[in-house]
Amino acid sequence: PTKTFSGERQELTVAGVQIVLTAAPGETEDALYVWLPGERVLFAGDNFYKAFPNLYPLRGAQRSAQDWANSIDKMLQEGPDAVVPGHTRPVLGKDASATALREYRDGIRYVFTKTIEGMNQKMTPDELAATIKLPPALAASEYLQEYYGTVAFSVRSIYSQAVGWFDGN
């Protein structure tokens, strides 16, 4: 790139279109989203798509559930009329966009919270992965289906990030 930025947000105008670039760690630590305030369109990149997020890809990348959920929350606060993911079809309409982003954020936060709660009860990664499921309303969300990422893999990721992989044996 010939231009870079540091910090939380960078505003620029290209061909008369106002563009806001916002740091949004999630699928990668250096992710960002692109917000077109005049058009009320949010380009979410790979931080949002129509599947449960891959918080722990099997190749071993560690992704922060808290950072990812916080980034989705920032997107939600923009109030977009359309959300364009890096993959899958756009979400059109203010209400549909808000619902999609809210469910995505809430799904990530739910799995994180339940994992930490279970860890505090001295549950093992295997026990947690076998017992933590999304509540029915979130499990039914078209944006949280387990194709790309799974709840069980995410639980293991959250566990290992919090206390490491060693189980004492």
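Reader: In what order do the six strands of the open sheet lie?

Author: This is a predicted model, in which local features need pLDDT of at least 70, side-chain atom pairs count only at pLDDT 80 or more, and totals for chains, interfaces and linings use all residues. Residues are numbered from 1 along each chain as its sequence is written, and side-chain values use heavy atoms, with hydrogens and water left out. Strands (E, at least two residues) and helices (H or I, at least four) are DSSP runs numbered from the N terminus, and two strands pair if DSSP finds at least two bridges between them. The pairing in this open sheet is mixed, and the order is S1-S2-S3-S4-S5-S6.

Reader: Which are the edge strands?

Author: An edge strand here pairs on one side only. That applies to S1 and to strand S6 (91-92).

Reader: Which residue of S2 is the bridge partner of Arg-9?

Author: S1 and strand S2 (residues 17-23) run antiparallel and are joined by six bridges. In S2, the partner of Arg-9 is Thr-22.

Reader: Is Ser-71 buried or exposed?

Author: Ser-71 belongs to helix H1 (residues 65-78). Leaving aside residues up to four places away in sequence, Ser-71 touches Ala-24, Pro-25 and Asn-47, where contact means heavy atoms within 4.5 Å. Buried means under 20% relative accessible area, exposed over 50%, and partly exposed in between (1.4 Å probe, protein chains only). With a relative accessible area of 2%, Ser-71 is buried.

Reader: How many residues apart in sequence are the parts that Glu-8 and Lys-74 tie together?

Author: Glu-8 and Lys-74 form a salt bridge, their closest N and O atoms being 2.4 Å apart; the term requires a side-chain nitrogen of Lys or Arg within 4 Å of a carboxyl oxygen of Asp or Glu. Glu-8 is partly exposed at 43% relative accessible area, and Lys-74 is partly exposed at 23%. Because Glu-8 lies in the segment before strand S1 (9-14) and Lys-74 in helix H1, the pair ties together parts whose separation in sequence is 66 residues.

Reader: Which residues are linked with Asp-73 in a network of salt bridges?

Author: Asp-73 forms a salt bridge with Arg-105, with 2.7 Å between the closest N and O atoms. This pair links distant parts of the chain, Asp-73 being in helix H1 and Arg-105 in helix H2 (residues 94-120). Both Asp-73 and Arg-105 are buried. The residues linked with Asp-73 in the network are Arg-105 and Asp-106.

Reader: How many salt bridges does a search of the whole structure find?

Author: One of them joins Asp-126 to Arg-156, the closest N and O atoms being 2.9 Å apart. In the whole structure, the number found is eight.
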